[in-house]
Amino acid sequence: MFLNTNNLPWLISKELRTVIHAHISDHFTACVITFQCRIPAAGHHPAEIAIDTDGTIIFITSLSDAADFSEAAEETYFDFVARAARYGGREPVSLEGGQERYQEWEGAFVASSLAGAYRVAVAPILELEERCD
């Protein structure tokens, strides 16, 4: 599967494309890439990136520091289907004007990824839906 960014309101960096593509290249179904911190207290934030069957990014969620996703609180959420974002659990706002916050998230996430801060797992979207029920 190749990453398709046509639905995004702004460009994503080559580095983020590389991080995502490294994990979806062998998948041909909608999937969620989970990035769990190897050392939660190190300032890295766990994240999930959902990719649809055509390679489009559905959403990106960044979570507060936590060893386990069941304990983590949503910190930043970019929903590219609904064209909305949530910050710190607040009400959703339009993605318009959110590019600066996105770029801050992306820069920190890519730096953490390149530093080897994450254990990465890829699961079909159905597993995410089951976990959320």
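Select F78, which is buried because its relative accessible area is 0%, where buried means under 20% relative accessible area, exposed over 50% and partly exposed in between, with a 1.4 Å probe and protein chains only. This is a predicted model, in which local features need pLDDT of at least 70 and side-chain atom pairs count only at pLDDT 80 or more, while totals for chains, interfaces and linings use all residues. Residues are numbered from 1 along each chain as its sequence is written, and side-chain values use heavy atoms, with hydrogens and water left out.

The structure holds 12 aromatic pairs, a term for rings of Phe, Tyr and Trp (its six-membered ring) whose centres lie within 6.5 Å, with planes under 30 degrees apart counted as stacked, over 60 as edge-to-face and the rest as tilted. One of these pairs joins F78 and Y102, and it is edge-to-face because the planes stand at 80°, with the ring centres 5.3 Å apart. This pair links distant parts of the chain, 24 residues apart, with F78 in strand β4 (residues 74–79) and Y102 in helix α2 (residues 99–114); helices (H or I, at least four residues) and strands (E, at least two) are DSSP runs, numbered from the N terminus.

Next select W105, which forms a tilted aromatic pair with Y102, at 5.9 Å centre to centre and 40° between the planes. Both residues lie in helix α2, 3 residues apart, about one turn of the helix, and W105 is buried, as is Y102. To widen the view, select W10, F35, F78, F80, Y87, Y102, W105, F109 and Y118, which form one aromatic cluster.

Within that cluster, turn to Y87, where R101 lies over the face of the ring at 3.7 Å from its centre; a charge sits over a ring if NZ of Lys or CZ of Arg is within 6 Å of the ring centre and within 35 degrees of the ring normal. Then select R86 and Y77, where the charged end of R86 sits over the ring of Y77, 4.6 Å from its centre.

Finally, colour the chain by pLDDT, the predictor's confidence in each residue, from 0 to 100. Among the elements, strand β2 (residues 47–51) has the highest mean pLDDT (93) and helix α3 (residues 125–132) the lowest (55).
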